[in-house]
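Thanks, everyone. I'll keep this brief. Have a look at the structure, and then I'll walk you through the ligand site and a few backbone details.

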Amino acid sequence: MWKFYDWLPARSHTESRGATVTYRSDSLSRELDIDLYVAFNGYWPERGAEMLTCSFKELEAPPTIVRAREHGGKAMVLASAGNTGRAFAYLSTVTGFPLIVVVPERNVERLWIPGREPGPSVRLIAVRDADYSDAIALADRIAALPGIMPEGGAKNVARRDGMGTVMLDAAVAMKAMPDDYFQAIGSGTGGIAAWEAALRLRDDGRFGAGLPRLHLAQNRPFVPMLHAWEAGRRDIRPDMDMPDAKRAIAEMYSDVLSNRSPPYSIRGGVYDALKDTGGIVYGVTRAEAERAKRLFEEREGIDILPPAAVAVAALLQACERGILEGRRVLLNITGGGQERLEKEMPVYRIEPAQEVPGPDAPVEQIMEVLL
Ligand SMILES: *Cc1c(COP(=O)(O)O)cnc(C)c1O
């Protein structure tokens, strides 16, 4: 990804090989009868894809850690449902930058390092009886301690610019920006990043004058941004847009896509990105995602993560609506090749440094054990 060094907010770089690989789809493209490109984020050696933690979170971690170091950061904390934690733990291992990862206990198995032992700079905290939002609550409290910086989420420019390299890579591979961009969202930061990168490419002038239309997919039954968007609202109203959130999240096909406070209403957030690009939001059921996963894997020949299958399902919905004719489409496969990687490379589980009973656990005690 560092080939886009000039487009990233950092002065140095990391020794990691994860980058998006954009290619023209052959089989799926023919099946759907559309002009389809795939931005593949994951492990797929034949295509030169070496994103070893197998999700596009590995585009966020390198510039974020480099930038934190350059700004005098001593340690970082973040909450994760799995993919972010895995990517940052890997980059912490590669760079030695101290990192605390807070995860719901049930997602601990998603935390591993490809091809080598986890480094001593990585500290994992598992929270019992917790979902992703609970992990966020605890990480926020740890971030308030002196010497520890939060990863920053959607407000972290390094994170957005890192994810924005998906659009940069596509523009280079397609020799122009796509007309349409498909992605599954939980926070929607990837959608914001795609939009911001497109704004810069438009300013640059070599890759087209129009902005790609954003097609952002949420996973039913937890679809707060879909509800707000369809109601034409800039604000998310929890009682209307995510009633019974805990249960809805538990029923999701991909819990990676659950986020109860996405950067939707904020200026420059998901709402603005959708408005500016004439975007569309989709709701995808478990059955649709499962079918889409099978179809993609059969046609393209590589396994994909559940959230990526949600994006494929949205693409199928758009095809049915007939809105992609004559357009050049980019499908962001945000994670893939993990089954393949686990067959071909040893992965090393990260053992929790500590298990805590819930998000209200006293942080001073946690830190005593960690440090
Ligand atoms: C985080 C994640 C998403 C959602 O990304 P956002 O743009 O931050 O909502 C989609 N797919 C995968 C594989 C992810 O890890």
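Start at Thr334. One of its polar side-chain atoms sits 2.7 Å from a nitrogen atom of the ligand. Keep in mind that this is a predicted model. Now, how much of the ligand does the protein bury? On its own, the ligand exposes 380 Å², and 97% of that is buried by the protein.

At Asn83, the side chain is used instead, with an N or O atom 2.9 Å from an oxygen atom of the ligand.

How many residues surround the ligand? The count is 16. The closest are Lys57, Gly186, Gly188, Gly190 and Thr334. By class, the shell holds six nonpolar residues, nine polar and one charged. Which elements contribute? Strand β9, residues 180–184, gives at least two residues to the shell. So does helix α6, residues 189–204. As for the space the ligand takes, that is the largest pocket.

Next, a sheet. Five strands make an open sheet, in the order β8-β4-β5-β7-β14, and the pairing is parallel.

Strand β4, residues 76–79, runs parallel to β8, and two bridges join them. To find the place on screen, look for Val77: it stands opposite Pro150 in β8.

The peptide bond between Arg220 and Pro221 is cis, with omega at about 5°. Where is Pro221? In the loop between β10 (213–219) and α7 (224–230).

The other one is Asp33. Its phi is near 55°. That is a positive value, and the residue is not a glycine. You'll find Asp33 in the loop that runs between α1 (27–32) and β2 (35–44).

That's my tour. Questions, please.

Terms used: Residues are numbered from 1 along each chain as its sequence is written. This is a predicted model: local features need pLDDT of at least 70, side-chain atom pairs count only at pLDDT 80 or more; totals for chains, interfaces and linings use all residues. Side-chain values use heavy atoms; hydrogens and water are left out. A residue is near a molecule or strand if one of its heavy atoms lies within 4 Å of it. A polar contact is a pair of N or O atoms within 3.5 Å; within protein, one must be able to donate a hydrogen and the other to accept it, and residues adjacent in sequence count only if both atoms are side-chain atoms. Accessible areas come from the Shrake-Rupley method with a 1.4 Å probe; for residues, only the protein chains shown count as cover. On a 1 Å grid over the protein atoms alone, a cavity is a set of points where a 1.4 Å probe fits but cannot get out, and a pocket is an open set with protein on both sides within 12 Å along at least five of seven lines; lining residues have an atom within 4 Å of a point. A molecule sits in a cavity or pocket if more than half of its atoms lie within 2 Å of its grid points. Helices (H or I, at least four residues) and strands (E, at least two) are DSSP runs, numbered from the N terminus. Ala, Val, Leu, Ile, Met, Phe, Trp, Tyr, Cys and Pro count as nonpolar, Asp, Glu, Lys and Arg as charged, and the others, Gly among them, as polar. Two strands pair if DSSP finds at least two bridges between them.
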